[in-house]
Amino acid sequence: MIPGSTPELPFEIVEFFAGDGMRLNLVHYQTKGDARRGPILLVHGAGARANLFSPPVASSLVAVLLAAGYDVWLENWRASTDVTPNQWTLDQAAVYDHPRAVETVLRQTGV
């Protein structure tokens with residue numbers, strides 16, 4: 001932790017399966033109180049991981065979104081460094097990963 005940074009935000013890992021059966025996950029940051037603005041899903045680029053949106057700094061994107069009243073979800077899709085190494089295409093991610101991530105967030109939140 002960087003001196004002077006905010007304490008680590010509480011989160012949970014929610015696993016889901018892509019349309020082709022690949023095991024993926026979402027990082028869900030717990031809100032304090034009601035998420036009055038609803039869920040927001042952040043998706044990292046290739047060769048990264050979902051937690052890049054929440055580095056140990058005083059004001060991360062996740063912290064700002066939580067403070068603004070959003071229910072924050074981060075997707076680890078097949079190109080994530082947190083997923084078992086695999087060969088992938090952006091077409092696979094678009095067809096199999098992202099739609100299932102959205103379905104999972106909607107099911108979990110009831111939105």
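**Reading the fold, step by step**

Mentor: From the N terminus on, the protein chain runs β-β-β-α-β-α. Helices (H or I, at least four residues) and strands (E, at least two) are DSSP runs, numbered from the N terminus. This is a predicted model, where local features need pLDDT of at least 70, side-chain atom pairs count only at pLDDT 80 or more, and totals for chains, interfaces and linings use all residues. Residues are numbered from 1 along each chain as its sequence is written, and side-chain values use heavy atoms, with hydrogens and water left out.

Trainee: Okay, in what sense do E1 and E2 pair?

Mentor: Two strands pair if DSSP finds at least two bridges between them. Here E1 (residues 11-17) and E2 (residues 23-29) share seven bridges in the antiparallel sense. Glu-15, for one, stands opposite Asn-25 in E2. Their hairpin has five residues between the strands, and Gly-21 in it takes a positive phi near 95°.

Trainee: And how many bridges join E3 to E4?

Mentor: Five, and E3 (residues 39-43) and E4 (residues 71-76) run parallel. The chain gets from E3 to E4 through helix H1 (residues 61-67), a right-handed β-α-β crossover. Right-handed means that, with the strands pointing away from the viewer, the path from the first strand over the helix to the second runs clockwise. Back in the pairing, Val-43 stands opposite Glu-75 in E4.

Trainee: What share of the residues is buried?

Mentor: Buried means under 20% relative accessible area, exposed over 50%, partly exposed in between (1.4 Å probe, protein chains only). In this protein chain, buried residues make up 35% of the 111. Leu-106, in helix H2 (residues 90-109), is partly exposed at 37%.
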